[in-house]
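Reader: I am new to reading protein models. Could you take me through this one, feature by feature?

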Amino acid sequence: MMRVPTKRERDALRHLSYGGAEGEPVANLFGAGEKTRQTLLDEGWAEELPPRLSGTKLMRITALGREALDSPEPEKEPSRRKLSTLPPRLKTINPADILKRKR
């Protein structure tokens, strides 16, 4: 069974999918550091291409990477319980009661 990519891996795969067969410069993978890029390669979701003459490193998404990108995102469980409204600690005063007390 294929592992579901994390949000960061999914974002990197999405950027790689823009490059097509020519690949995408590694510098365009915003937010994806060396570890994320290595994970993409280890999982078989991406492959390295020979660098351009300018020395720009390139990567491209593989068929397995497209499958991982198209897989449904896991549902996130709420990390905290919902906030509830506290009951008022002060009582409201009826103006008629104030007038009765002054007499």
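Author: Start with α1 and α2, which are roughly perpendicular to each other. Keep in mind that this is a predicted model.

Reader: How are two packed helices described?

Author: Two numbers do it: the angle between the axes and the distance between the axes. Here, helix α1 (residues 7-17) and helix α2 (residues 34-43) pack at an angle of about 75°. Their axes are 10 Å apart. Angles from 65 to 115 degrees count as roughly perpendicular, so α1 and α2 fall in that class.

Reader: Which residues make the contact between α1 and α2?

Author: From α1 come Arg8, Glu9, Ala12, Leu13 and Leu16. From α2 come Thr36, Thr39 and Leu40. Sorted by class, this contact has 4 nonpolar, 2 polar and 2 charged residues.

Reader: Take one of them. Is threonine 36 buried or exposed?

Author: Threonine 36 belongs to helix α2. Its relative accessible area is 12%. Buried means under 20%, so threonine 36 is buried. Leaving out residues up to four places away in sequence, threonine 36 touches Arg8 and Glu9.

Reader: How do I read the faces of a helix?

Author: An α-helix has 3.6 residues a turn, so residues three or four places apart point the same way. Now try α2. Its buried residues are Thr36, Arg37, Thr39 and Leu40. They cover an arc of only 155° around the axis, so they sit on the same side of α2. Glu34, Lys35 and Asp42 are exposed on the other side of α2.

Reader: What covers the buried residues of α2?

Author: The cover includes α1, β2 (46-49) and β3 (58-61).

Reader: Which residues of α1 are buried?

Author: Glu9, Arg10, Ala12, Leu13 and Leu16 are buried in α1. Their arc around the axis is only 160°, which puts them on the same side of α1. The face turned away from that buried side carries the exposed residues Lys7 and Arg8.

Reader: And what covers the buried residues of α1?

Author: The cover includes β1 (24-25), α2, β2, β3 and α3.

Reader: Which residues are buried in helix α3?

Author: Helix α3 spans residues 63-70, and Gly65, Ala68 and Leu69 are buried in it. Look down the axis of α3: these buried residues fall within an arc of 100°, so they line one face of the helix. On the other side of α3, Ala63 and Asp70 are exposed. The buried residues of α3 pack against α1 and β3.

Reader: Now for distances. How far apart are serine 17 and methionine 59 in sequence and in space?

Author: Serine 17 is a residue of helix α1. Along the sequence, serine 17 and methionine 59 are 42 residues apart. In space they are 9.9 Å apart, C-alpha to C-alpha.

Reader: Which residues is serine 17 in contact with?

Author: Set aside its neighbours within four places in sequence. Serine 17 is then in contact with Ile61, Arg66 and Leu69. Leu69 is one of the buried residues of α3.

Reader: What about the loops? Is proline 72 buried or exposed?

Author: Find proline 72 in the loop between α3 and α4. Exposed means over 50% relative accessible area. Proline 72 has 68%, so it is exposed. Still, proline 72 is in contact with Val4 and Arg10, leaving aside neighbours within four places in sequence. Proline 72 and glutamate 9 are 63 residues apart in sequence and 14 Å apart in space, C-alpha to C-alpha.

Reader: Where is proline 50 found?

Author: Proline 50 lies in the loop between β2 and β3. Its relative accessible area is 65%, so proline 50 is exposed. The C-alpha atoms of proline 50 and leucine 13 are separated by 19 Å. Along the chain, these two residues are 37 residues apart.

Reader: Last point. Where is confidence lowest and where is it highest in the protein chain?

Author: Confidence is lowest in helix α4 (residues 95-102), at a mean of 74. It is highest in α2, at 91. The mean pLDDT of the protein chain is 84. Of its residues, 97% reach 70 or more.

Notes: Residues are numbered from 1 along each chain as its sequence is written. This is a predicted model: local features need pLDDT of at least 70, side-chain atom pairs count only at pLDDT 80 or more; totals for chains, interfaces and linings use all residues. Side-chain values use heavy atoms; hydrogens and water are left out. Axes are lines fitted to C-alpha atoms, for helices over the stretch in contact, and angles run from 0 to 180 degrees between N-to-C directions. Helices (H or I, at least four residues) and strands (E, at least two) are DSSP runs, numbered from the N terminus. Angles under 35 degrees count as roughly parallel, over 145 as roughly antiparallel, 65 to 115 as roughly perpendicular and the rest as oblique. Contact means heavy atoms within 4.5 Å. Ala, Val, Leu, Ile, Met, Phe, Trp, Tyr, Cys and Pro count as nonpolar, Asp, Glu, Lys and Arg as charged, and the others, Gly among them, as polar. Buried means under 20% relative accessible area, exposed over 50%, partly exposed in between (1.4 Å probe, protein chains only). The arc is that of the directions from the helix axis to the C-beta atoms. pLDDT is the predictor's confidence in each residue, from 0 to 100.
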